[in-house]
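Hello,

Here is the structure I promised to pass on. Please open it alongside this note, and then read on for what turned up.

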Amino acid sequence: MVDVFMNERFIGTVENAKEFIKQIRSERRKGVLPLELNFYHDQDYDEVYLDTTTGRARRPLIVVENGKSKLTEKHIEDVKSGAVTWDKLVKEGIIEYVDAAEEENCYVALSEEDLTKEHTHLEISPVVILGLCTSLIPYSNFGGSSRLIRGSKIQKQALGLYASNFLLRMDTDVNVLHYPQKPITKTFMHDIWGWEKHPSGQNIVIALMSFEGYNMEDSIIISKASVDRGFARSTYFKPFSAEELRYQGGLVDEICIPDKEVKGYKSEKDYRLLEEDGIVFTGAKVKDEDVIIGKVSPPRFLGEFEEFNIATNVKRESSVALTHGENGIVDMTLITENEDGNRLVQMRLRQQRIPEVGDKFASRHGQKGVISYLVPIEDMPFTASGIVPDIIFSPHGIPSRMTVSHLIEIVAGKVGALSGQYIDGTTFNAMPEKELRKMLRELGFRESGVEAMYNGIDGREFKARIYVGNMYYLKLKHMVANKLHARATGKIQLLTRQPIEGRSQGGGLRLGEMEKDCFVAHGASLLLKERFDSDKTLVFVCEECGMLGVYDSFKNKEYCTKCGANVGVSVVEMSYAFKLLLDELKSLCVYPKLVLGRKY
Amino acid sequence: MLLGLLERYWENKMLPQHLIAKVEDYSKKYKISDKDQKEILKRVEEIYNKAKISPGESIGVITAESFGEPSTQMTLNTFHFAGVAEMNVTVGLPRLIEIFDARKRPSTPRMEIPIKSKYSRTVEAVREVAMKIKETKLGDIAQEISINIAKATIEIVLDKKKMRDLDIKPKLVLDKIAEGLKSVDVKDNDSSVILKSKEKEISLSEVYKLKEKAKSIHIRGLQGVTHVLPVKGDDGNYIIHCAGSNLKDALLLEEAEKERIMTNDIFEISDVLGVEAARAAIINEANKVIKDQGIDIDIRHVMFLADVMTRSGTVKGVTRTGIVGEKESVLARASFETPIKHIVNASLVGEKDNLNSVVENVIINQPVPLGTGLPGLIAKMKKD
């Protein structure tokens with residue numbers, strides 16, 4: 001007696017579980033039972049589970065009976081000619097969908113040659129062990145799994161043509177690569193996924209060598225000439241929006257050029273680009289703190305001061321402006337209404353991004369790096385035939401990471417570029433390395449991919465042969481222009497008087513606990529004090545009671561609120577945070593008495 | 001002249017004694033002339049002075065950083081002995097934290113007992129010693145322990161074969177049971193032992209409790225040593241690695257080389273051998289972790305930390321209940337952990353903070369009394 005559960009609910013028992021499973025399986029394959037049905041025989045507890053619920057991940061497998069695949073050559077021919085569709089194969093029980101539970105009862109062969117009598121299913125293709133992104137990596141069976149994972153993640157960050165209608169869209173924080181290309185070394189996934197419709201990356205010439213020590217620790221060197229000719233240029237789009245909000249009492253925001261009487265009026269210069277409707281014209285070059293959408297709002301608190309105020313209708317400035325350091329060109333303006341019926345102005349800012357020191361690049365093999373130097377073309381090394389590499393990559397990035405696929409792609413790309421063909425780098429099924437070597441030799445190059453190169457600075461030949469070739473490189477969305485930040489002085493927090501945090505608000509860079517320890521370890525005591533001076537204050541301390549005193553600017557005299565004016569009051573320099581601590585201790589009824597002494 | 005020069009160095013405390021002794025040794029060995037010796041001493045003194053720590057050097061922070069930075073690179077948290085699944089050892093960062101926090105028991109207590117060569121000749125002899133060390137409980141040698149509900153007695157059937165293997169006499173078992181369970185009468189019934197409570201009325205649950213207690217009666221071996229593994233040492237004599245530690249009893253073993261017994265339980269060492277031994281144990285244990293992680297930390301950092309941990313006469317960890325809690329400054333203590341507790345307690349007794357150390361001065365934004373912040377300039381004004 002074996003218990004049977006249907007959708008997690010007990011529905012009855014069967015005598016022979018194996019026979020029962022066999023029966024419903026054949027019924028499902030015949031199409032008598034629904035295709036959504038999956039079953040699972042738990043051998044440990046001897047229970048049978050049937051499941052037709054939604055939300056289960058299922059995957060297709062080829063059915064195998066008696067060690068033979070049910071998908072025959074004829075089926076494949078029919079699929080090719082269009083006589084048979086996928087749905088029909090599923091209906092006929094040649095392919096079936098299996099869920100996670102049923103998979104436990106299956107014995108799946110990876111390829112047809114491996115099939116034995118015990119097998120129940122056959123994988124459609126061995127490459128299904130890889131996901132979409134991983135199967136985009138050429139020669140990935142030559143790379144380590146950890147690097148493949150990194151490579152897959154990196155490809156998602158690559159700039160490209162993310163959507164064909166990007167000009168009509170108002171996406172936040174998007175980039176479009178100029179002149180994206182198809183990779184020379186591609187995989188089957190590039191073909192079936194329609195990679196040429198949304199490519200991301202460019203084919204470049206890469207040399208594995210060091211150059212003046214500028215490519216240490218994963219930094220890469222790029223030829224200035226390549227950049228000037230348009231390598232890895234991209235456009236960055238950023239949207240802004242302003243809405244005419246409605247408030248209580250029939251008051252409304254107004255998108256216009258703010259009046260000079262408006263509270264919080266900036267300066268005339270900031271509004272100079274606004275047209276009559278209060279919106280910057282399309283194509284305007286805006287920068288720093290320019291207002292791009294002028295807007296005024298009604299006062300925040302109505303009523304109380306109205307009768308005393310002569311100008312009753314003092315409005316508030318609430319324009320949309322760029323933050324410090326931002327610049328760009330107004331690309332598109334959209335004036336519409338939102339779902340509440342309020343007037344809505346949306347604006348898209350466009351910036352051209354030319355590769356600069358600090359931008360992040362990567363190959364498809366998890367080899368990422370940051371530009372450290374843009375080399376003038378005259379200083380770049382060149383090969384005997386006059387080829388100048390676009391990127392110089394450090395050889396130290398290879399041994400410890402063992403990204404052999406990276407090295408093979410360079411040779412494959414070289415062969416492809418020289419012979420004018422795409423190279424298939426599909427996992428397990430790629431053009432073999434031997435073949436690549438043979439082709440390279442036939443093309444008149446060393447089969448190992450190395451070439452004699454000359455130093456661009458003094459013209460001498462390098463003693464070592466340099467590994468050069470072509471590969472597909474990706475520009476990643478992490479660009480310095482979005483991250484660069486520094487400040488001398490700026491906004492502070494109201495409570496602690498310490499600098500605020502965050503780049504977007506122009507905050508300070510925190511000198512944290514461990515950084516403080518470094519100063520202490522170096523004995524740089526006075527420098528440390530200077531660093532922490534950001535919230536320095538002068539306070540008046542009563543010499544009698546040790547509490548904080550008060551300064552009366554009217555009488556130009558300081559006194560203690562507790563001990564009166566006839567006690568000594570000293571000026572003491574301390575951090576505002578400590579003053580705050582003293583106040584907080586007092587609020588807890590703890591008396592923090594400061595005992596003053598002479599410093600010298 | 002020769003002695004005179006060395007003596008002068010010694011008298012004026014220009015060099016430590018062992019350095020002078022070494023120079024003297026080498027001078028005799030290589031027949032170094034007085035002139036050369038003078039030059040050597042000059043150089044040695046120069047190097048020695050260079051190695052001295054300058055006043056105001058923040059050795060505490062440097063020690064902390066020296067441990068902190070490399071410990072982020074530590075990998076592998078346990079180490080397994082081949083073949084024995086239960087005998088794993090905590091190593092790496094968790095072990096380092098354990099040592100410096102001065103936990104009462106290591107998470108994996110371990111002991112190494114070297115066997116005297118007399119007992120180390122054959123494998124059988126070593127195994128015998130090992131079996132003597134391993135703790136045997138009554139439950140280990142009993143074939144069956146059952147309760148007779150009607151008579152309210154416990155019947156223990158002993159495993160004769162196991163007892164023969166372990167060389168345990170039935171007499172010993174009976175004695176140990178009598179010693180361990182004072183409230184029962186022990187009756188030897190040929191093949192089994194019958195326990196009967198001395199009290200007339202006894203409830204069944206109490207009999208059950210008695211049974212559980214009987215199972216864990218210590219028969220032989222070192223209490224706490226759950227596994228033993230003899231390993232042949234470099235000198236050919238065996239060392240018995242034990243999971244579980246019992247230094248006190250191990251020192252009573254006849255077969256053990258008492259001077260070389262090792263345990264990783266620092267508190268046990270402190271209890272049995274005193275605080276100086278505990279200090280050495282902290283240094284050894286911390287160094288062991290550092291060494292097998294392939295990290296290079298200067299021994300003086302380890303020694304310094306061990307000194308600070310043991311300076312009060314007992315082992316204290318780097319925790320708020322240990323050495324951090326003993327800091328003089330209220331603000332320094334409050335800035336570590338549980339600030340409210342420290343401030344409230346300080347206010348109850350009216351504690352005074354003299355602002356002598358680093359953290360307090362960072363809080364009030366004054367130069368910390370270290371490095372360039374330590375010395376002060378005093379200008380003497382002429383009095384008119």
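Let me start in helix 12 of chain A, which spans residues 576-587. A:Asp583 and A:Lys586 are 3 residues apart there, so about one helical turn separates them. Their side chains meet in a salt bridge, at 3.5 Å from N to O. A:Asp583 is partly exposed, with a relative accessible area of 28%. A:Lys586 is partly exposed too, and its value is 28%. Please keep in mind that this is a predicted model.

Now to chain B. B:Glu285 and B:Arg95 form a salt bridge through their side chains, with 2.8 Å from N to O. This pair links distant parts of the chain, 190 residues apart. B:Glu285 sits in helix 13 (residues 275-292) of chain B, and B:Arg95 in helix 5 (residues 92-100) of chain B. Are the two residues buried or exposed? B:Glu285 has a relative accessible area of 5%, so it counts as buried. B:Arg95 is buried as well, also at 5%.

Back in chain A, there is another pair to look at. A:Lys260 makes a salt bridge with A:Glu268. Their closest N and O atoms are 2.6 Å apart. Both partners are exposed: A:Lys260 and A:Glu268.

Chain A also has a network. Salt bridges link A:Arg28, A:Arg29, A:Glu65, A:Lys70, A:Glu96 and A:Glu102. How many salt bridges are there over all chains? The count comes to 56. As background, side chains of opposite charge can pair when their charged atoms come close.

A:Phe462 lies in a loop of chain A, between strand 29 (453-454) and strand 30 (466-475). A:Phe462 is partly exposed, with a relative accessible area of 21%. Which residues does A:Phe462 contact, leaving aside neighbours within four places in sequence? They are A:Met209, A:Pro381, A:Met453, A:Tyr454 and A:Asn455. Take A:Pro381 from that list. A:Pro381 and A:Phe462 are 81 residues apart in sequence, yet 9.1 Å apart in space, C-alpha to C-alpha.

Last, the domains of chain B. The assignment gives domain 1 (2-51), domain 2 (53-108 + 264-326), domain 3 (136-220) and domain 4 (338-370). The centres of domain 2 and domain 4 of chain B are 28 Å apart, taken over C-alpha atoms.

Best wishes

Key. Residues numbered from 1 in each chain as written. Chains lettered and ligands numbered in written order. Predicted model: local features only at pLDDT ≥ 70, side-chain atom pairs only at ≥ 80, totals over all residues. Heavy atoms only, no water. Domains from an automatic or database assignment. Salt bridge = Lys/Arg side-chain N within 4 Å of Asp/Glu carboxyl O. Buried < 20%, exposed > 50% of the residue type's maximum accessible area, 1.4 Å probe, protein only. Helix = DSSP H or I, 4+ residues; strand = E, 2+ residues; numbered from the N terminus. Contact = heavy atoms within 4.5 Å.
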